[in-house]
Amino acid sequence: MSKVLVISYKNSTDTAEADIRKAFDTIAPENIKNDIFIFQPDVSTHTFVGVLNSETDIDRSATEIISGYVRPIDSKQKLNDGSYFQINWDLEKVKFNVDRFESKSLWFFQDDEKFILSNSQLLISSLKENFTINRNAVSWFLSAGSTGFQNAWDCDVKKVVHSNEYIFSVANWKLTVVKKEYAVEKINFSSKKEFLKKYVDLTKDVFINLAKNISVRKMVLPLSGGNDSRLLFYIAHQLKSYKELALANWGVKKENREFDDKEAAKKIVKFYNKSLKDYYLPHSIKDLNSFFDTYIKNGDCRIDHFNAYSDQFKIFEQLYSEDYKFIIRGDIPFTEGLDLNEKMSRAHIGIPKWTDFENYGSYVLDNFVSIQENDTPDIARKENETLIEWRDRLYIDYRIPTVISSFDDLINSYLVTISPMMSYSHFLLYEQQNPNKRGDKAHISTLSQQLDKSKISFNALPSILSMEELMTTKENIDYLKSYLIEMNNEIFSKEMIESVSKNLFYKPLQNSNGKKTVKSLFIEYAKSSLPLQLKSFLKSKQKRDVSSLTLAYRMVMVDKVYKIFNQTAI
(Lines give C-alpha, C1' and ligand atoms only; values in the text may rest on other atoms or scores of the structure.)
Protein backbone atom coordinates (compact mmCIF):
# COMPACT_ATOMS: atom_id res chain seq x y z
CA MET A 1 0.00 0.00 0.00
CA SER A 2 0.98 3.63 -0.36
CA LYS A 3 0.00 5.80 2.62
CA VAL A 4 -1.90 3.65 5.10
CA LEU A 5 -3.76 4.35 8.32
CA VAL A 6 -5.44 1.95 10.76
CA ILE A 7 -7.22 3.51 13.72
CA SER A 8 -9.22 1.94 16.54
CA TYR A 9 -11.58 3.97 18.70
CA LYS A 10 -12.37 2.91 22.27
CA ASN A 11 -15.81 4.44 21.97
CA SER A 12 -17.93 4.70 18.84
CA THR A 13 -17.81 8.00 16.99
CA ASP A 14 -19.89 9.48 14.17
CA THR A 15 -17.07 11.64 12.82
CA ALA A 16 -14.44 8.94 12.25
CA GLU A 17 -14.58 8.85 8.45
CA ALA A 18 -14.70 12.63 8.14
CA ASP A 19 -11.74 13.05 10.50
CA ILE A 20 -9.72 10.43 8.65
CA ARG A 21 -10.47 12.01 5.27
CA LYS A 22 -9.43 15.40 6.57
CA ALA A 23 -6.12 13.90 7.72
CA PHE A 24 -5.49 12.29 4.33
CA ASP A 25 -6.31 15.55 2.57
CA THR A 26 -3.35 17.15 4.37
CA ILE A 27 -0.82 14.75 2.82
CA ALA A 28 -2.40 14.00 -0.58
CA PRO A 29 -0.14 15.26 -3.42
CA GLU A 30 -1.59 18.32 -5.13
CA ASN A 31 -0.94 17.63 -8.81
CA ILE A 32 -2.32 14.12 -9.26
CA LYS A 33 -5.75 12.52 -9.11
CA ASN A 34 -5.68 11.01 -5.65
CA ASP A 35 -7.69 7.99 -4.57
CA ILE A 36 -8.53 8.05 -0.85
CA PHE A 37 -10.41 4.96 0.32
CA ILE A 38 -11.70 4.87 3.89
CA PHE A 39 -13.71 1.97 5.28
CA GLN A 40 -14.76 0.13 8.39
CA PRO A 41 -13.83 -3.55 7.84
CA ASP A 42 -16.62 -6.11 7.87
CA VAL A 43 -14.84 -7.97 10.70
CA SER A 44 -14.50 -4.93 12.96
CA THR A 45 -16.76 -2.59 14.91
CA HIS A 46 -14.25 -0.12 16.34
CA THR A 47 -11.51 -0.05 13.69
CA PHE A 48 -11.27 2.01 10.51
CA VAL A 49 -8.78 1.73 7.64
CA GLY A 50 -7.69 4.43 5.22
CA VAL A 51 -5.49 4.11 2.15
CA LEU A 52 -4.12 6.81 -0.16
CA ASN A 53 -3.43 5.76 -3.77
CA SER A 54 -3.47 2.01 -3.19
CA GLU A 55 -1.44 -0.04 -5.65
CA THR A 56 -3.81 -3.02 -5.30
CA ASP A 57 -7.55 -3.48 -4.94
CA ILE A 58 -8.93 -3.41 -1.41
CA ASP A 59 -12.46 -3.46 0.00
CA ARG A 60 -14.35 -3.81 3.28
CA SER A 61 -13.86 -7.59 3.32
CA ALA A 62 -10.08 -7.17 3.62
CA THR A 63 -8.39 -8.36 6.82
CA GLU A 64 -4.79 -7.37 6.07
CA ILE A 65 -2.50 -4.94 4.29
CA ILE A 66 1.00 -5.83 3.11
CA SER A 67 3.14 -3.10 1.58
CA GLY A 68 6.22 -4.30 -0.30
CA TYR A 69 6.90 -7.97 -0.83
CA VAL A 70 7.16 -11.07 1.35
CA ARG A 71 9.03 -14.25 0.46
CA PRO A 72 6.81 -17.35 0.12
CA ILE A 73 8.38 -19.38 2.91
CA ASP A 74 6.38 -21.57 5.30
CA SER A 75 6.66 -19.24 8.28
CA LYS A 76 4.62 -21.17 10.87
CA GLN A 77 5.11 -19.11 14.03
CA LYS A 78 7.78 -16.90 12.50
CA LEU A 79 7.56 -13.52 10.78
CA ASN A 80 7.79 -13.28 7.01
CA ASP A 81 11.04 -12.51 5.26
CA GLY A 82 11.17 -9.77 2.63
CA SER A 83 10.97 -5.98 2.49
CA TYR A 84 7.55 -4.96 3.79
CA PHE A 85 5.24 -4.01 6.59
CA GLN A 86 2.19 -6.06 7.43
CA ILE A 87 -1.03 -5.14 9.28
CA ASN A 88 -3.84 -7.57 10.14
CA TRP A 89 -7.12 -6.85 11.90
CA ASP A 90 -10.23 -8.64 13.17
CA LEU A 91 -12.98 -7.97 15.67
CA GLU A 92 -10.70 -8.23 18.71
CA LYS A 93 -7.27 -6.98 17.68
CA VAL A 94 -4.88 -5.23 15.31
CA LYS A 95 -1.65 -7.13 14.65
CA PHE A 96 1.39 -5.72 12.84
CA ASN A 97 5.11 -6.02 12.17
CA VAL A 98 7.90 -4.88 9.85
CA ASP A 99 10.73 -6.70 8.08
CA ARG A 100 14.11 -7.46 9.67
CA PHE A 101 15.69 -4.23 8.39
CA GLU A 102 12.70 -1.93 8.98
CA SER A 103 13.09 -1.01 5.32
CA LYS A 104 9.45 0.10 5.37
CA SER A 105 8.52 2.08 8.45
CA LEU A 106 5.46 1.94 10.69
CA TRP A 107 4.64 4.31 13.56
CA PHE A 108 1.97 4.13 16.25
CA PHE A 109 0.26 6.17 18.95
CA GLN A 110 -2.00 5.14 21.81
CA ASP A 111 -3.98 7.06 24.40
CA ASP A 112 -7.17 6.37 26.32
CA GLU A 113 -9.39 7.01 23.28
CA LYS A 114 -7.48 6.10 20.13
CA PHE A 115 -4.93 3.64 18.81
CA ILE A 116 -3.39 4.87 15.55
CA LEU A 117 -1.02 2.98 13.24
CA SER A 118 0.42 4.40 10.02
CA ASN A 119 3.45 4.70 7.74
CA SER A 120 2.93 8.48 7.88
CA GLN A 121 3.80 10.37 11.07
CA LEU A 122 1.86 13.37 9.79
CA LEU A 123 -1.31 11.30 9.45
CA ILE A 124 -0.97 10.19 13.09
CA SER A 125 -0.39 13.71 14.39
CA SER A 126 -3.35 14.92 12.34
CA LEU A 127 -5.66 12.56 14.25
CA LYS A 128 -4.19 12.68 17.76
CA GLU A 129 -5.36 16.30 18.24
CA ASN A 130 -2.04 17.73 19.40
CA PHE A 131 1.64 17.82 18.55
CA THR A 132 4.62 17.96 20.89
CA ILE A 133 7.88 18.29 19.00
CA ASN A 134 10.62 15.84 19.93
CA ARG A 135 13.79 17.82 20.62
CA ASN A 136 15.86 14.64 20.23
CA ALA A 137 14.68 14.44 16.61
CA VAL A 138 15.41 18.16 16.14
CA SER A 139 18.96 17.86 17.45
CA TRP A 140 19.79 14.91 15.22
CA PHE A 141 18.20 16.50 12.17
CA LEU A 142 20.38 19.59 12.61
CA SER A 143 23.66 17.69 12.99
CA ALA A 144 22.96 14.63 10.83
CA GLY A 145 20.15 15.45 8.41
CA SER A 146 18.15 12.55 9.88
CA THR A 147 15.86 12.32 12.91
CA GLY A 148 18.20 9.91 14.68
CA PHE A 149 17.68 6.34 15.80
CA GLN A 150 13.97 5.43 16.24
CA ASN A 151 12.91 9.04 16.80
CA ALA A 152 9.59 10.41 15.57
CA TRP A 153 8.94 14.13 15.24
CA ASP A 154 6.17 13.82 17.85
CA CYS A 155 7.20 12.83 21.38
CA ASP A 156 4.12 10.59 21.72
CA VAL A 157 4.63 8.63 18.48
CA LYS A 158 6.66 5.40 18.59
CA LYS A 159 8.44 3.39 15.90
CA VAL A 160 7.65 -0.25 15.11
CA VAL A 161 10.95 -2.12 15.42
CA HIS A 162 12.13 -5.36 13.84
CA SER A 163 11.96 -8.88 15.29
CA ASN A 164 8.72 -8.07 17.11
CA GLU A 165 5.09 -8.85 16.52
CA TYR A 166 2.78 -6.19 17.95
CA ILE A 167 -0.74 -7.15 19.03
CA PHE A 168 -3.16 -4.45 20.07
CA SER A 169 -6.24 -5.77 21.87
CA VAL A 170 -9.24 -3.57 21.12
CA ALA A 171 -11.22 -5.20 23.94
CA ASN A 172 -8.54 -4.76 26.61
CA TRP A 173 -7.05 -1.60 25.10
CA LYS A 174 -3.59 -3.05 25.60
CA LEU A 175 -0.57 -3.41 23.32
CA THR A 176 1.49 -6.57 23.61
CA VAL A 177 4.89 -6.99 21.97
CA VAL A 178 6.17 -10.51 21.27
CA LYS A 179 9.75 -11.27 20.21
CA LYS A 180 9.84 -13.35 17.04
CA GLU A 181 12.33 -14.67 14.49
CA TYR A 182 12.05 -14.40 10.72
CA ALA A 183 11.40 -17.29 8.36
CA VAL A 184 14.46 -17.39 6.11
CA GLU A 185 15.85 -19.68 3.46
CA LYS A 186 18.81 -21.72 4.63
CA ILE A 187 21.18 -21.62 1.68
CA ASN A 188 24.65 -23.08 1.89
CA PHE A 189 27.56 -23.00 -0.55
CA SER A 190 31.04 -24.43 -0.74
CA SER A 191 32.75 -22.09 -3.22
CA LYS A 192 32.66 -18.51 -4.43
CA LYS A 193 31.18 -19.64 -7.74
CA GLU A 194 28.37 -21.48 -5.98
CA PHE A 195 27.74 -18.49 -3.70
CA LEU A 196 27.37 -16.13 -6.68
CA LYS A 197 25.03 -18.52 -8.48
CA LYS A 198 22.83 -18.94 -5.43
CA TYR A 199 22.71 -15.19 -4.90
CA VAL A 200 21.45 -14.71 -8.47
CA ASP A 201 18.95 -17.56 -8.10
CA LEU A 202 17.63 -16.09 -4.86
CA THR A 203 17.13 -12.69 -6.47
CA LYS A 204 15.66 -14.18 -9.62
CA ASP A 205 13.15 -16.05 -7.46
CA VAL A 206 11.96 -12.72 -6.02
CA PHE A 207 11.33 -11.39 -9.54
CA ILE A 208 9.48 -14.55 -10.55
CA ASN A 209 7.19 -14.46 -7.53
CA LEU A 210 6.53 -10.74 -7.95
CA ALA A 211 5.32 -11.32 -11.52
CA LYS A 212 2.81 -13.90 -10.27
CA ASN A 213 0.90 -11.23 -8.36
CA ILE A 214 1.85 -7.94 -10.01
CA SER A 215 1.68 -6.90 -13.65
CA VAL A 216 5.19 -6.14 -14.90
CA ARG A 217 3.64 -3.31 -16.92
CA LYS A 218 2.98 -1.57 -13.61
CA MET A 219 6.69 -1.62 -12.67
CA VAL A 220 9.54 0.77 -13.46
CA LEU A 221 13.22 0.18 -12.74
CA PRO A 222 15.53 3.22 -12.40
CA LEU A 223 18.74 2.42 -14.27
CA SER A 224 22.12 4.09 -13.74
CA GLY A 225 25.78 3.32 -14.37
CA GLY A 226 26.29 1.68 -10.98
CA ASN A 227 26.35 -1.97 -10.00
CA ASP A 228 23.14 -2.27 -7.97
CA SER A 229 20.56 -1.18 -10.55
CA ARG A 230 22.45 -2.81 -13.40
CA LEU A 231 22.51 -6.16 -11.61
CA LEU A 232 18.74 -6.01 -11.14
CA PHE A 233 18.30 -5.13 -14.81
CA TYR A 234 20.54 -7.98 -15.97
CA ILE A 235 18.70 -10.52 -13.80
CA ALA A 236 15.27 -9.28 -14.90
CA HIS A 237 16.44 -9.29 -18.52
CA GLN A 238 16.95 -13.06 -18.28
CA LEU A 239 13.25 -13.57 -17.49
CA LYS A 240 10.68 -13.63 -20.29
CA SER A 241 8.00 -12.29 -17.96
CA TYR A 242 10.00 -9.07 -17.57
CA LYS A 243 10.28 -8.30 -21.27
CA GLU A 244 8.07 -5.22 -20.83
CA LEU A 245 9.73 -3.89 -17.68
CA ALA A 246 10.02 -0.10 -18.02
CA LEU A 247 13.40 1.56 -17.43
CA ALA A 248 13.93 5.13 -16.28
CA ASN A 249 16.69 7.56 -15.42
CA TRP A 250 16.69 11.08 -14.03
CA GLY A 251 19.44 13.60 -13.54
CA VAL A 252 20.56 17.05 -14.57
CA LYS A 253 21.62 17.96 -18.08
CA LYS A 254 25.34 18.75 -18.14
CA GLU A 255 27.09 20.96 -20.66
CA ASN A 256 30.25 18.92 -20.78
CA ARG A 257 29.87 15.39 -22.17
CA GLU A 258 31.21 13.57 -19.15
CA PHE A 259 30.38 9.93 -18.57
CA ASP A 260 27.75 10.05 -15.83
CA ASP A 261 24.86 7.84 -14.72
CA LYS A 262 22.53 9.30 -17.32
CA GLU A 263 24.98 8.76 -20.17
CA ALA A 264 25.63 5.20 -18.94
CA ALA A 265 21.88 4.40 -18.82
CA LYS A 266 21.42 5.66 -22.38
CA LYS A 267 24.25 3.49 -23.66
CA ILE A 268 23.04 0.40 -21.79
CA VAL A 269 19.48 0.59 -23.14
CA LYS A 270 20.80 1.21 -26.63
CA PHE A 271 22.94 -1.93 -26.46
CA TYR A 272 20.05 -4.05 -25.16
CA ASN A 273 17.58 -2.46 -27.58
CA LYS A 274 15.38 -1.13 -24.78
CA SER A 275 13.57 2.18 -24.37
CA LEU A 276 14.34 4.60 -21.55
CA LYS A 277 12.13 7.07 -19.75
CA ASP A 278 14.71 9.84 -19.77
CA TYR A 279 13.91 12.61 -17.31
CA TYR A 280 15.85 15.78 -16.53
CA LEU A 281 16.00 17.45 -13.16
CA PRO A 282 16.39 21.24 -12.90
CA HIS A 283 19.70 22.66 -11.71
CA SER A 284 17.88 24.63 -9.03
CA ILE A 285 14.64 24.54 -7.07
CA LYS A 286 12.34 27.28 -8.36
CA ASP A 287 10.36 27.87 -5.17
CA LEU A 288 12.21 26.59 -2.12
CA ASN A 289 9.41 27.62 0.24
CA SER A 290 6.76 25.61 -1.62
CA PHE A 291 9.19 22.75 -2.17
CA PHE A 292 9.85 22.29 1.55
CA ASP A 293 6.10 22.13 2.24
CA THR A 294 5.63 19.40 -0.37
CA TYR A 295 8.69 17.51 0.81
CA ILE A 296 7.47 17.44 4.43
CA LYS A 297 3.95 16.35 3.55
CA ASN A 298 5.18 13.63 1.19
CA GLY A 299 7.58 11.89 3.55
CA ASP A 300 7.54 13.43 7.06
CA CYS A 301 10.97 15.06 6.45
CA ARG A 302 12.88 12.23 8.13
CA ILE A 303 16.00 13.07 6.09
CA ASP A 304 17.29 16.18 4.33
CA HIS A 305 18.47 14.42 1.14
CA PHE A 306 16.16 16.21 -1.30
CA ASN A 307 18.58 16.67 -4.21
CA ALA A 308 16.94 13.88 -6.27
CA TYR A 309 13.55 15.63 -6.06
CA SER A 310 14.50 19.14 -7.19
CA ASP A 311 11.62 19.08 -9.71
CA GLN A 312 9.20 18.96 -6.75
CA PHE A 313 8.32 15.30 -7.51
CA LYS A 314 7.21 16.02 -11.10
CA ILE A 315 8.83 12.78 -12.31
CA PHE A 316 6.82 10.75 -9.83
CA GLU A 317 3.65 12.62 -10.76
CA GLN A 318 4.30 11.63 -14.37
CA LEU A 319 4.91 7.98 -13.53
CA TYR A 320 1.76 7.93 -11.42
CA SER A 321 -0.29 9.47 -14.24
CA GLU A 322 1.00 6.72 -16.56
CA ASP A 323 -0.41 4.15 -14.10
CA TYR A 324 2.87 2.81 -12.80
CA LYS A 325 2.41 1.42 -9.30
CA PHE A 326 5.80 0.00 -8.31
CA ILE A 327 9.39 1.22 -8.50
CA ILE A 328 12.05 -1.52 -8.48
CA ARG A 329 15.05 -0.25 -6.55
CA GLY A 330 18.54 -1.64 -6.00
CA ASP A 331 18.49 -1.09 -2.24
CA ILE A 332 20.60 -3.74 -0.53
CA PRO A 333 21.52 -4.78 3.04
CA PHE A 334 25.23 -4.54 2.27
CA THR A 335 27.56 -1.57 2.25
CA GLU A 336 31.12 -0.57 1.43
CA GLY A 337 34.05 1.19 3.02
CA LEU A 338 35.64 0.54 6.39
CA ASP A 339 35.10 2.48 9.60
CA LEU A 340 38.02 2.53 12.02
CA ASN A 341 36.28 4.29 14.92
CA GLU A 342 32.84 5.24 16.19
CA LYS A 343 33.02 8.72 14.71
CA MET A 344 33.43 7.25 11.22
CA SER A 345 30.68 4.72 11.93
CA ARG A 346 28.21 7.41 12.99
CA ALA A 347 28.84 9.30 9.74
CA HIS A 348 28.40 6.06 7.77
CA ILE A 349 25.06 5.14 9.32
CA GLY A 350 23.66 8.67 9.12
CA ILE A 351 23.81 9.92 12.72
CA PRO A 352 26.94 12.07 13.17
CA LYS A 353 26.92 13.92 16.50
CA TRP A 354 27.58 17.61 17.02
CA THR A 355 30.90 16.79 18.65
CA ASP A 356 32.00 14.87 15.55
CA PHE A 357 32.37 18.22 13.76
CA GLU A 358 35.50 20.29 14.35
CA ASN A 359 33.63 23.59 14.21
CA TYR A 360 30.49 22.83 16.20
CA GLY A 361 31.65 25.29 18.87
CA SER A 362 31.38 28.10 16.31
CA TYR A 363 27.60 28.10 16.68
CA VAL A 364 25.25 28.77 19.56
CA LEU A 365 23.48 25.41 19.81
CA ASP A 366 21.27 26.02 22.84
CA ASN A 367 20.99 22.68 24.68
CA PHE A 368 21.03 20.48 21.59
CA VAL A 369 24.49 19.06 22.27
CA SER A 370 23.54 17.75 25.72
CA ILE A 371 20.16 16.52 24.42
CA GLN A 372 21.97 14.49 21.80
CA GLU A 373 24.50 13.03 24.21
CA ASN A 374 21.60 11.54 26.18
CA ASP A 375 20.06 10.07 23.01
CA THR A 376 23.15 8.54 21.35
CA PRO A 377 22.73 4.82 20.62
CA ASP A 378 25.43 2.39 21.69
CA ILE A 379 27.22 1.44 18.49
CA ALA A 380 30.40 0.15 20.15
CA ARG A 381 32.26 -2.63 18.41
CA LYS A 382 31.68 -5.99 20.11
CA GLU A 383 34.45 -8.15 21.47
CA ASN A 384 36.07 -10.26 18.71
CA GLU A 385 33.98 -8.49 16.07
CA THR A 386 35.97 -7.72 12.92
CA LEU A 387 35.76 -4.28 11.31
CA ILE A 388 33.75 -5.75 8.43
CA GLU A 389 31.32 -7.51 10.78
CA TRP A 390 30.92 -4.30 12.80
CA ARG A 391 30.30 -2.29 9.65
CA ASP A 392 27.69 -4.74 8.35
CA ARG A 393 25.85 -4.98 11.69
CA LEU A 394 25.59 -1.23 12.06
CA TYR A 395 24.40 -0.85 8.48
CA ILE A 396 21.41 -3.17 8.86
CA ASP A 397 20.55 -2.16 12.43
CA TYR A 398 20.94 1.61 12.06
CA ARG A 399 21.38 3.01 8.54
CA ILE A 400 18.60 1.08 6.81
CA PRO A 401 15.96 1.87 9.49
CA THR A 402 17.11 5.49 9.87
CA VAL A 403 18.06 6.61 6.35
CA ILE A 404 17.25 4.08 3.61
CA SER A 405 13.65 3.56 4.76
CA SER A 406 13.08 7.32 4.56
CA PHE A 407 13.36 7.28 0.77
CA ASP A 408 10.39 4.91 0.59
CA ASP A 409 8.36 7.38 2.67
CA LEU A 410 9.10 10.20 0.24
CA ILE A 411 7.59 8.57 -2.83
CA ASN A 412 5.01 6.10 -1.57
CA SER A 413 2.14 8.50 -2.23
CA TYR A 414 2.95 7.87 -5.90
CA LEU A 415 4.70 4.49 -6.20
CA VAL A 416 5.48 1.61 -3.86
CA THR A 417 9.12 0.61 -3.56
CA ILE A 418 10.07 -3.00 -4.24
CA SER A 419 13.69 -3.90 -3.40
CA PRO A 420 14.29 -7.49 -4.60
CA MET A 421 17.66 -7.81 -2.83
CA MET A 422 16.49 -6.37 0.50
CA SER A 423 15.69 -9.59 2.34
CA TYR A 424 17.15 -11.22 5.42
CA SER A 425 17.78 -14.35 3.37
CA HIS A 426 20.02 -12.30 1.08
CA PHE A 427 21.93 -10.92 4.04
CA LEU A 428 22.39 -14.31 5.73
CA LEU A 429 23.65 -15.81 2.48
CA TYR A 430 26.15 -12.94 2.17
CA GLU A 431 27.10 -13.19 5.84
CA GLN A 432 28.28 -16.78 5.41
CA GLN A 433 31.30 -15.48 3.54
CA ASN A 434 34.48 -14.94 5.48
CA PRO A 435 34.51 -11.24 6.50
CA ASN A 436 37.72 -10.59 4.51
CA LYS A 437 35.91 -11.81 1.36
CA ARG A 438 32.97 -9.42 1.62
CA GLY A 439 34.86 -6.33 0.45
CA ASP A 440 33.01 -3.30 -0.90
CA LYS A 441 29.86 -5.16 -1.96
CA ALA A 442 32.26 -7.39 -3.88
CA HIS A 443 29.60 -9.91 -4.90
CA ILE A 444 27.35 -7.20 -6.35
CA SER A 445 30.23 -5.80 -8.39
CA THR A 446 31.37 -9.24 -9.55
CA LEU A 447 27.90 -10.37 -10.59
CA SER A 448 26.91 -7.19 -12.40
CA GLN A 449 30.10 -7.28 -14.41
CA GLN A 450 29.76 -11.00 -15.13
CA LEU A 451 26.19 -10.61 -16.40
CA ASP A 452 26.89 -7.42 -18.35
CA LYS A 453 27.27 -7.89 -22.10
CA SER A 454 27.47 -4.22 -23.05
CA LYS A 455 31.03 -3.64 -21.75
CA ILE A 456 29.95 -0.17 -20.72
CA SER A 457 32.02 1.20 -17.85
CA PHE A 458 30.73 0.97 -14.28
CA ASN A 459 32.69 4.07 -13.23
CA ALA A 460 30.03 6.63 -14.06
CA LEU A 461 29.88 9.98 -12.28
CA PRO A 462 26.68 11.03 -10.49
CA SER A 463 24.12 12.77 -12.68
CA ILE A 464 22.28 14.26 -9.69
CA LEU A 465 23.65 17.41 -8.10
CA SER A 466 25.07 17.19 -4.61
CA MET A 467 23.22 19.04 -1.85
CA GLU A 468 25.95 21.69 -1.84
CA GLU A 469 25.72 22.18 -5.62
CA LEU A 470 21.92 22.39 -5.50
CA MET A 471 21.69 24.80 -2.59
CA THR A 472 24.58 27.17 -3.34
CA THR A 473 22.71 29.80 -5.32
CA LYS A 474 22.16 33.47 -4.52
CA GLU A 475 18.39 32.97 -4.58
CA ASN A 476 18.54 30.13 -2.04
CA ILE A 477 20.89 32.02 0.27
CA ASP A 478 18.66 35.11 0.17
CA TYR A 479 15.59 32.99 0.94
CA LEU A 480 17.26 31.23 3.87
CA LYS A 481 18.61 34.46 5.38
CA SER A 482 15.23 36.13 5.09
CA TYR A 483 13.46 33.13 6.63
CA LEU A 484 15.90 32.94 9.54
CA ILE A 485 15.55 36.66 10.28
CA GLU A 486 11.78 36.28 10.58
CA MET A 487 11.88 32.93 12.39
CA ASN A 488 10.12 32.96 15.74
CA ASN A 489 9.41 29.67 17.47
CA GLU A 490 9.98 27.88 20.77
CA ILE A 491 12.63 25.60 19.27
CA PHE A 492 15.59 27.89 18.54
CA SER A 493 16.85 30.85 20.54
CA LYS A 494 17.49 34.16 18.80
CA GLU A 495 21.17 33.72 19.59
CA MET A 496 21.28 30.36 17.84
CA ILE A 497 19.52 31.72 14.77
CA GLU A 498 21.89 34.70 14.64
CA SER A 499 24.99 32.50 14.98
CA VAL A 500 23.97 30.67 11.82
CA SER A 501 22.58 33.52 9.73
CA LYS A 502 25.55 35.87 10.28
CA ASN A 503 27.85 33.37 8.52
CA LEU A 504 25.46 32.73 5.67
CA PHE A 505 26.49 34.39 2.42
CA TYR A 506 26.69 33.46 -1.23
CA LYS A 507 30.03 32.25 -2.54
CA PRO A 508 30.16 30.42 -5.91
CA LEU A 509 31.55 26.91 -5.75
CA GLN A 510 35.12 26.62 -6.97
CA ASN A 511 34.36 23.94 -9.55
CA SER A 512 31.15 25.53 -10.84
CA ASN A 513 32.76 25.85 -14.28
CA GLY A 514 32.79 22.07 -14.67
CA LYS A 515 36.55 21.68 -14.41
CA LYS A 516 37.89 19.16 -11.92
CA THR A 517 39.93 20.46 -9.03
CA VAL A 518 43.18 18.91 -7.83
CA LYS A 519 41.30 17.74 -4.73
CA SER A 520 38.57 16.04 -6.77
CA LEU A 521 41.15 14.34 -8.99
CA PHE A 522 42.98 13.04 -5.92
CA ILE A 523 39.73 11.71 -4.42
CA GLU A 524 38.94 9.89 -7.67
CA TYR A 525 42.41 8.37 -7.68
CA ALA A 526 42.15 7.33 -4.03
CA LYS A 527 38.77 5.68 -4.54
CA SER A 528 39.95 3.61 -7.48
CA SER A 529 43.56 2.86 -6.61
CA LEU A 530 44.31 2.82 -2.90
CA PRO A 531 43.82 -0.29 -0.70
CA LEU A 532 40.72 -0.24 1.50
CA GLN A 533 42.64 -0.05 4.78
CA LEU A 534 44.74 2.89 3.56
CA LYS A 535 41.71 4.73 2.21
CA SER A 536 39.98 4.27 5.55
CA PHE A 537 43.03 5.47 7.47
CA LEU A 538 43.28 8.63 5.35
CA LYS A 539 39.55 9.23 5.76
CA SER A 540 39.83 8.86 9.53
CA LYS A 541 42.31 11.77 9.59
CA GLN A 542 40.06 14.15 7.69
CA LYS A 543 38.52 16.98 9.65
CA ARG A 544 34.83 17.52 9.16
CA ASP A 545 32.88 20.76 9.55
CA VAL A 546 29.16 21.52 9.44
CA SER A 547 28.46 24.52 7.22
CA SER A 548 26.19 27.45 7.99
CA LEU A 549 24.35 26.72 4.74
CA THR A 550 23.55 23.18 5.85
CA LEU A 551 22.43 24.33 9.29
CA ALA A 552 20.34 27.10 7.74
CA TYR A 553 18.22 24.90 5.49
CA ARG A 554 17.89 22.24 8.19
CA MET A 555 16.65 24.87 10.67
CA VAL A 556 14.14 26.13 8.11
CA MET A 557 12.94 22.57 7.49
CA VAL A 558 12.54 21.95 11.23
CA ASP A 559 10.55 25.18 11.59
CA LYS A 560 8.29 24.11 8.76
CA VAL A 561 7.85 20.64 10.28
CA TYR A 562 6.80 22.34 13.52
CA LYS A 563 4.28 24.55 11.73
CA ILE A 564 2.81 21.90 9.42
CA PHE A 565 2.45 19.23 12.12
CA ASN A 566 0.79 21.76 14.45
CA GLN A 567 -1.51 23.11 11.75
CA THR A 568 -2.76 19.65 10.74
CA ALA A 569 -3.48 18.44 14.29
CA ILE A 570 -7.28 18.37 14.48
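Residues are called buried under 20% relative accessible area, exposed over 50%, and partly exposed in between, with a 1.4 Å probe and protein chains only. The structure is a predicted model, in which local features need pLDDT of at least 70 and side-chain atom pairs count only at pLDDT 80 or more, while totals for chains, interfaces and linings use all residues. Numbering starts from 1 along each chain as its sequence is written, and side-chain values use heavy atoms, leaving out hydrogens and water.

On the surface, a nonpolar patch is formed by Leu-340, Leu-534, Phe-537 and Leu-538, with about 310 Å² of accessible area together. Patch members have over 30% relative accessible area and no salt bridge, with nonpolar side chains (Val, Leu, Ile, Met, Phe, Trp, Tyr) joined within 5 Å and like charges within 9 Å; a salt bridge places a side-chain nitrogen of Lys or Arg within 4 Å of a carboxyl oxygen of Asp or Glu. Areas follow the Shrake-Rupley method with a 1.4 Å probe, and for residues only the protein chains shown count as cover. Leu-538 belongs to helix α19 (residues 532-540) and counts as partly exposed because its relative accessibility is 36%. Helices (H or I, at least four residues) and strands (E, at least two) are DSSP runs, numbered from the N terminus.

Turning to the cysteines, the count of disulfides (pairs of cysteine sulfur atoms within 2.5 Å) comes to zero. The sulfur of Cys-155 has its closest cysteine sulfur in Cys-301, 16 Å away and therefore too far for a bond. Cys-155 is partly exposed at 32% relative accessibility, whereas Cys-301 is buried at 1%.
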